[in-house]
Amino acid sequence: MSADIPHLPASLSTLAQLDERSREIFRQIVESYLATGEPVGSRNLSRLLPMTLSPASIRNVMHDLEEAGLIFAPHTSAGRLPTESGLRFFVDALMQFGDLAEAERNAIEAQVAASGAERSLETVLADASQLLSGMSRGAGVVLTSKSNARLKHVEFVRLEPEKALVVLVSEDGQVENRIVPIAPGLPPSALVEASNFLNARIRGRTLAEARLELQQGLAAARAELDELTQKLVEAGLASWSGGDPGDRRLIVRGQANLLGDLKAIEDLERIRLLFDDLESKRDLVDLLDRAETADGVRIFIGSENKLFSLSGSSMIVAPYRDGQSRIVGVLGVIGPTRLNYARIVPMVDYTAKVLSRLIG
């Protein structure tokens with residue numbers, strides 16, 4: 001398992017120069033925040049630390065940590081909370097990632113295997129999202145690409161004199177319909193011929209694979225197809241494999257979990273913004289592209305991810321692959337910045353691997 005992490009901000013290098021006492025105080029501030037979501041003050045820290053320090057000494061160290069950009073005071077008289085940069089440093093350099101218990105691994109394998117028994121890929125992905133939501137108490141998210149579905153059948157049906165419906169059926173049971181223009185006066189036999197031509201060549205292939213192969217083979221197939229039917233075949237393929245953002249499919253489960261930890265009106269506004277982001281699917285292609293550049297788990301904290309920059313949320317995601325080891329999507333968990341990173345990172349990583357094995 002690997003967590004692909006951006007380079008640390010220059011200001012964080014100052015922490016490396018601080019002594020063990022400063023590191024321990026910083027660790028306690030972050031761990032208290034992850035556990036409670038509340039700021040912690042010097043008096044409480046003096047009781048939590050494994051060493052004896054006066055509140056005054058702790059306040060001096062906290063001042064240094066604040067100067068380094070690692071913690072901040074939400075209110076003038078309050079304790080301190082970690083900044084996004086502080087959380088990033090803690091996750092990168094100080095956090096110990098645990099491993100899943102055998103019972104948790106068995107539960108993930110059993111649920112993914114059960115959902116994969118004679119069910120569509122869409123259902124398997126939705127169940128994986130629900131599984132992560134239940135185990136993490138956050139929202140489970142799966143992002144995949146429609147163009148990665150393996151094809152089973154295609155059919156052209158005339159709707160109007162100059163329009164035809166193209167019905168595309170994938171091996172996992174998904175059915176999609178698109179309308180394409182056709183030449184005036186195209187005989188019904190041409191629609192049948194186009195369907196037969198594609199069905200003889202696309203089964204088991206993705207749209208990208210089918211389109212590439214047919215583009216290369218159409219010239220050689222001119223003897224089989226007349227000009228009008230050839231244009232129909234090309235139009236049918238182009239209607240799906242243009243690569244527009246609508247080809248990204250987002251599955252989210254467990255959004256209600258994000259409402260169970262609200263402490264203030266500003267928290268409610270943060271979650272509302274998060275839901276708006278999910279509904280509009282802003283920058284999902286960017287998220288998929290960033291996750292696909294890493295072999296293992298990626299952790300996005302707050303504004304590091306454009307998708308959730310307004311809502312101040314975190315996301316832990318990992319790619320999953322098909323039988324040819326090609327990345328076909330990402331799955332993970334969305335939640336507040338005080339997610340239980342140490343537990344959720346191995347959970348997401350293992351679920352992605354189990355899902356990859358099932359798809360493969």
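**Close-up views of a predicted model**

**View 1. Helices α2 and α4 meet through side chains from both.** R21, S22, I25, F26 and I29 of α2 are in contact with I58, V61, M62 and L65 of α4; contact means heavy atoms within 4.5 Å. This is a predicted model, where local features need pLDDT of at least 70, side-chain atom pairs count only at pLDDT 80 or more, and totals for chains, interfaces and linings use all residues. Residues are numbered from 1 along each chain as its sequence is written, and side-chain values use heavy atoms, with hydrogens and water left out. Helices (H or I, at least four residues) are DSSP runs, numbered from the N terminus. The axes of α2 and α4 (residues 55-67) come within 10 Å and cross at roughly 80°. That makes α2 roughly perpendicular to α4, a label for angles of 65 to 115 degrees. Axes are lines fitted to C-alpha atoms, for helices over the stretch in contact, and angles run from 0 to 180 degrees between N-to-C directions.

**View 2. S22 sits in helix α2.** Its relative accessibility is 5%, so S22 counts as buried. Buried means under 20% relative accessible area, exposed over 50%, and partly exposed in between (1.4 Å probe, protein chains only). Leaving aside neighbours within four places in sequence, S22 is in contact with V61 and L65.

**View 3. R27 and E24 form a salt bridge.** The closest N and O atoms of the pair are 3.9 Å apart. A salt bridge is a side-chain nitrogen of Lys or Arg within 4 Å of a carboxyl oxygen of Asp or Glu. A search of the whole structure finds 7 of them. Both R27 and E24 belong to α2 (residues 20-36). They lie 3 residues apart, about one turn of the helix. R27 is partly exposed, with a relative accessible area of 24%. E24, at 12%, counts as buried.

**View 4. A salt bridge joins R357 and E109.** The N to O distance is 3.7 Å. R357 lies in helix α13 (residues 341-359) and E109 in helix α6 (residues 102-116), so the pair ties together parts that are 248 residues apart in sequence. R357 is exposed, with a relative accessible area of 53%. E109 is partly exposed at 30%.

**View 5. D349 and K353 pair within helix α13.** Their side chains meet in a salt bridge, at 3.1 Å from N to O. The two residues are 4 apart, about one turn of the helix. D349 counts as buried at 9% relative accessibility. K353 counts as partly exposed at 40%.

**View 6. Helix α8 has buried residues along one face.** A190, L191, A194, S195, F197, L198 and I202 are buried in α8. Seen down the axis of α8, these buried residues fall within an arc of 165°, so they line one face of the helix. The arc is that of the directions from the helix axis to the C-beta atoms. On the other side of α8, P188 and A200 are exposed.

**View 7. Helix α8 end to end, with the glycine that follows.** The helix covers residues 188-202, and its 15 residues should span 21 Å at 1.5 Å a residue. The expected span is 1.5 Å times one less than the number of residues. The end C-alpha atoms of α8 are 22 Å apart, which agrees. G204 follows α8 and has a positive phi, near 85°.

Methods. Angles under 35 degrees count as roughly parallel, over 145 as roughly antiparallel, 65 to 115 as roughly perpendicular and the rest as oblique.
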